Amino acid sequence: MSMNRRRLIQTASAGGLLAASGLAAPALAQGARIRIGYVSPQSGPLAAFSEADQFVIDAFAAATGDTFEVIVKDSQSNPNRAADVAQELIIDDAVSMILVASTPETTNPVATVAESEGIPVLSTTAPWQPWFIGQQGNPTDPGSWRPFDYAFHYFWGLEDVIAVFAAMWDQFDTNGQVGGLFPNDGDGNAWGDPVNGLPPAMSERGYTIVDPGRYQNLTDDFTAQINAFKAANAEILTGVVIPPDFTTFWNQAKQQGFNPKAASIGKAILFPQSLEALGESGHNLSSEVWWTPTHPFSSSLTGQSAAEMAAAFTQATGRPWTQPIGFVHSLFEMAADVMGRVDDADDPDAVAEAIAATELETIVGRIAFDGAGLPPFAATNVAKTPLVGGQWRLNDGVWDLVVVDNSTAPQIPTGGRMQPL
């Protein structure tokens with residue numbers, strides 16, 4: 001293993017949380033700390049995914065004392081930048097492990113670099129198909145796909161969002177025509193794929209995807225897409241869109257007379273600030289829901305319930321809770337758990353083996369790389385987490401995300417039924 005992969009760092013005395021939890025502590029040098037890198041899109045069009053980062057990192061530091069040093073890097077919502085900062089973390093900062101969150105544009109380049117350098121990396125907040133398949137040498141040839149040695153990922157998959165969206169649409173009558181907004185990026189190409197994406201799976205459920213083709217992110221004119229959806233009399237809108245693009249699209253759709261009965265949009269409307277930008281026209285927009293204060297899970301780090309963690313975020317920031325709170329926190333739960341089960345935090349093979357052996361109850365539910373619910377090719381590197389569907393409701397000037405379908409995760413309570421726009 002090359003010097004930049006094995007790294008000449010010394011790691012910390014595992015006191016604090018690790019000792020208190022009874023986990024085995026890694027062999028560490030007195031006075032040093034375990035260096036962990038963290039990459040997320042803290043600026044640029046995906047910055048909403050990182051609103052809770054500082055809150056989570058502060059809580060992690062409070063829970064673990066001097067055990068860890070977290071080195072934070074901003075991908076700037078740019079895949080090339082994400083790859084560059086991953087290299088910095090490995091070569092310049094000599095981290096023992098990298099954590100990365102939020103969309104394939106950040107998770108994939110970081111995971112690819114870490115895998116090539118032999119550094120363990122844990123990622124989340126990107127559907128598993130664009131993460132796993134998008135990193136293969138030939139994404140169109142399943143026979144060539146290979147597992148990773150150091151890269152691991154947990155989240156839900158396209159099969160889950162398909163089931164959730166269809167179940168929400170089934171709650172009232174439509175003509176089954178669905179306009180599809182799919183950009184030319186990792187998520188858009190995976191969601192819109194005519195073989196493995198939404199179109200064939202939705203067809204099996206009685207819905208027809210009207211796909212006018214890929215568009216570039218940060219487009220300022222969606223007239224062609226709107227005209228295609230109006231021509232098809234699409235009564236449903238779906239897609240996976242970055243937040244500023246959906247604001248542009250939705251405002252233009254209203255101006256041009258496209259008024260579907262339902263709009264279930266991935267990525268763009270996950271956050272309260274996205275709804276604030278839309279105003280009243282955001283009422284009853286729907287999306288996938290990965291985490292809420294009503295999720296029945298607790299943190300292995302702090303003992304907080306989902307409701308307590310969401311309330312703590314609002315108290316600390318003055319902002320409404322946001323879905324990434326749970327998943328970013330869970331990354332740090334995983335880091336503490338993994339490092340508590342290795343003898344040498346600077347042994348990447350041992351750390352990777354510990355990740356693969358994980359069985360941890362976290363703030364987002366159980367995380368275990370046991371292959372449950374996954375095809376064999378992804379079973380080694382991916383763990384699935386639950387997904388439900390929700391609608392944004394504007395009540396007395398406050399946006400509330402109401403879970404309206406839990407058919408794929410009945411342990412998560414609903415708060416109402418799907419309503420047409």
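Mentor: Let's start with leucine 218, which counts as exposed because its relative accessibility is 55%. Here buried means under 20% relative accessible area, exposed means over 50%, and partly exposed lies in between, all with a 1.4 Å probe and protein chains only. Before we go on, keep in mind that this is a predicted model, in which local features need pLDDT of at least 70 and side-chain atom pairs count only at pLDDT 80 or more, while totals for chains, interfaces and linings use all residues. Residues are numbered from 1 along each chain as its sequence is written, and side-chain values use heavy atoms, with hydrogens and water left out.

Now find the loop between β7 (208-210) and α10 (223-231), where leucine 218 sits. Most residues other than glycine have a negative phi.

The axes of α10 and helix α11 (residues 243-255) come within 10 Å and cross at roughly 55°. Such axes are lines fitted to C-alpha atoms over the stretch in contact, and the angle, from 0 to 180 degrees, is taken between N-to-C directions. The two helices α10 and α11 are therefore oblique to each other; angles under 35 degrees would be roughly parallel, over 145 roughly antiparallel, 65 to 115 roughly perpendicular, and the rest are oblique.

Which residues of α10 and α11 make the contact? From α10 come Thr223, Gln225, Ile226 and Phe229, and from α11 come Phe249, Gln252 and Ala253. Contact means heavy atoms within 4.5 Å. Sorted by class, this α10 and α11 contact has four nonpolar, three polar and no charged residues. In that sorting, Ala, Val, Leu, Ile, Met, Phe, Trp, Tyr, Cys and Pro are nonpolar, Asp, Glu, Lys and Arg are charged, and the others, Gly among them, are polar.

Leave α10 at its other end and you reach alanine 232, in the loop between α10 and β8 (236-240). Alanine 232 has a relative accessible area of 23%, so it is partly exposed. Setting aside residues up to four places away in sequence, alanine 232 touches Gln177 and Val210. For a sense of scale, alanine 232 and phenylalanine 155 are 77 residues apart in sequence and 33 Å apart in space, C-alpha to C-alpha.

Is threonine 103 buried or exposed? Threonine 103 is buried, with a relative accessible area of 2%.

Finally, step back to the whole. The protein has 15 helices and 15 strands, and 57% of its 421 residues count as buried. Its C-alpha atoms fill a box of roughly 65 × 50 × 35 Å along the principal axes.

Terms used:
Helix = DSSP H or I, 4+ residues; strand = E, 2+ residues; numbered from the N terminus.
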